[in-house]
Amino acid sequence: MTIHTRPPIPPQHHKHRARAVAATPTGRFDTRHLFGALIAVVTALAVVISALPARAQNAALPGFADLVDQVGDAVVNITTSSVVAGRAGGPAPVVPEGSPLEDFFNDFLGPNGPGEDGPAPRRSQALGSGFVISEDGYLVTNNHVIEGADEIMIEFRNGTELVAELVGTDPNTDIALLRVESDEPLPFVPFGVASEHRVGDWVMVMGNPLGQGFSVSVGVVSAFGRSLSGAYDDFIQTDAAINQGNSGGPLFNLEGEVIGVNTAILSPTGGSIGIGFAMSSDVVVNVVEQLREFGETRRGWLGVRIQDVTPEMAEALGLEEARGAMVTDVPTGPALDGGIEVGDVILTFDGNEVQDTRGLVRVVGDSTVGETVRVMVFRDGGTETLRVTLGRRETAESAAVPITDAPDAAPSSVVLGMTLTPLTDQLRSELNAANVERGLVITMIDPVSDAAEMGLQVGDIITEVTQAPVGTVAELQERIETADEAGQETILLLIRRDGNPRFMALSIKD
């Protein structure tokens, strides 16, 4: 017989075991004591929670009924109507005389059916949401809700209906400002600061989804800084249900402040799947102020083409980190007058650090037209501060660059896996490069070369190398040799592709 014995308890544990055994009269663990202890703990927690202020309890388990009552009267349903062309189709249906449908078809198509110009125009309706931002009747909604409308009807939660007039729109941010006339001051809601919130904060959506007016949905902030397609996009992503008809409605925080305007959803079906987007109040407030004052937006304009700085570009330039916005083109305008040059990396604008092109576009657009600002750029291994007087983006026009004769054509040469030939008049026309004076065209590229791996393509025009113009292969090779002697592993190329300039970093290692 084999007897299994428990190993002896180490001496240092004897004392603890003795205490455990002494916990019950029999020397065995009694579960009744465990249940008694648990009941005591739960009772104590209940007493503590009941003693907390109501606000603290709601913070842990928020309720939204009070918030709905607080802000609901300022949220409106919007119905728009417009006249659209009738549907194209074949010949008019034949309806027997005296048929009950005769009047219907006469009203819709006319007594003689569609004429030579097609069916008669018809009136179309659309639904959306909005919210009042001042007691004197200003309302905010989406531009796409009221675009093309010849009548805008506002319905309040108490059933009151008022006709609204359009004050102004901004298609770039999809924001529209309306106004209604009322004998009584209207309930309104204030804007909050979206950037003061965090991912995970509670939010509430209120609006007119699918025509089901004054509906409420709740969720949390899923992400900040989302970009869909616009230059000024700064969307808050939320899982609060947003559907068709919610467009233009408010995204509330728990204090009843609007931190976003519900604008779009991401969905393969057209219905909410928990990925909705609201334009941040940090953008909307400035747009609304301009629409209210001018009836249009007046954004600052710097007058440059820019691109993000990659780590490879930063290494080639001698930048410590990949940040800022690199200038790829400076047409006639404020930047050119202020001394900004192609190849400059804009690091700060009016005291604001520039992390990327999107950030620069935002801060410039929010600036005042005619304002003179300080712009710090990285140039030739150091920084310079320039003063630039901003223009207005909406009215800015670039002057045409005169075309000069290209240098005589030279035989193609292969450099770093690229077959290059100088730009000619014929190539200039084929490559949409009317404003490019000199350059080297990539006519072939080795698919396993570093040039192909970095994204260079056939048809690209190399106009600068290490921020110096090139028009011949000899000039390119000279720039490469100089960079190699200086210990650089990459060189910076300025290329033109489909008329657009872009910097790219290319390795020159063997």
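Visitor: Which residues of helix α10 (residues 357-365) are buried?
Guide: This is a predicted model, in which local features need pLDDT of at least 70 and side-chain atom pairs count only at pLDDT 80 or more, while totals for chains, interfaces and linings use all residues. Residues are numbered from 1 along each chain as its sequence is written, and side-chain values use heavy atoms, without hydrogens and water. Helices (H or I, at least four residues) and strands (E, at least two) are DSSP runs numbered from the N terminus; buried means under 20% relative accessible area, exposed over 50% and partly exposed in between, with a 1.4 Å probe and protein chains only. On that basis the buried residues of α10 are Thr357, Leu360, Arg362, Val363, Val364 and Gly365.

Visitor: Which helix do the buried residues of α10 pack against?
Guide: Contact here means heavy atoms within 4.5 Å. The buried residues of α10 pack against β13 (300-301), β14 (305-308), β15 (325-329), β16 (345-349) and β17 (352-353), and also against helix α7.

Visitor: At about what angle to β12 does helix α7 (residues 281-294) run?
Guide: Axes are lines fitted to C-alpha atoms, for helices over the stretch in contact, and angles run from 0 to 180 degrees between N-to-C directions. Helix α7 lies across β11 (258-265) and β12, and its angle to β12 is about 50 degrees.

Visitor: In what order do six strands close into a barrel?
Guide: Two strands pair if DSSP finds at least two bridges between them. The pairing in this barrel is antiparallel, and the order is β7-β8-β9-β12-β11-β10.

Visitor: Which residue in the turn between β10 and β11 has a positive phi?
Guide: Strands β10 and β11 run antiparallel and are joined by three bridges, with Phe252 opposite Val258 in β11. They form a hairpin with five residues between the strands. The turn residue with a positive phi, about 80 degrees, is Gly256.

Visitor: How many of the eight residues of β11 are buried?
Guide: β11 pairs with β12 in the antiparallel sense over five bridges, and Ile265 stands opposite Gly276 in β12. β11 is largely enclosed by the rest of the structure, because the number of its eight residues that are buried is six.

Visitor: What is the angle between the planes of Phe131 and Phe191?
Guide: Rings of Phe, Tyr and Trp (its six-membered ring) pair if their centres lie within 6.5 Å; planes under 30 degrees apart are stacked, over 60 edge-to-face and the rest tilted. The structure holds three aromatic pairs. In one of them, Phe131 and Phe191 are 5.9 Å centre to centre and edge-to-face, at 75 degrees.

Visitor: How far from the ring centre of Tyr232 does Arg299 lie?
Guide: A charge sits over a ring if NZ of Lys or CZ of Arg is within 6 Å of the ring centre and within 35 degrees of the ring normal. Arg298 sits over Phe294 in this way, 4.0 Å from the ring centre. Arg299 lies over the face of Tyr232, at 4.1 Å.
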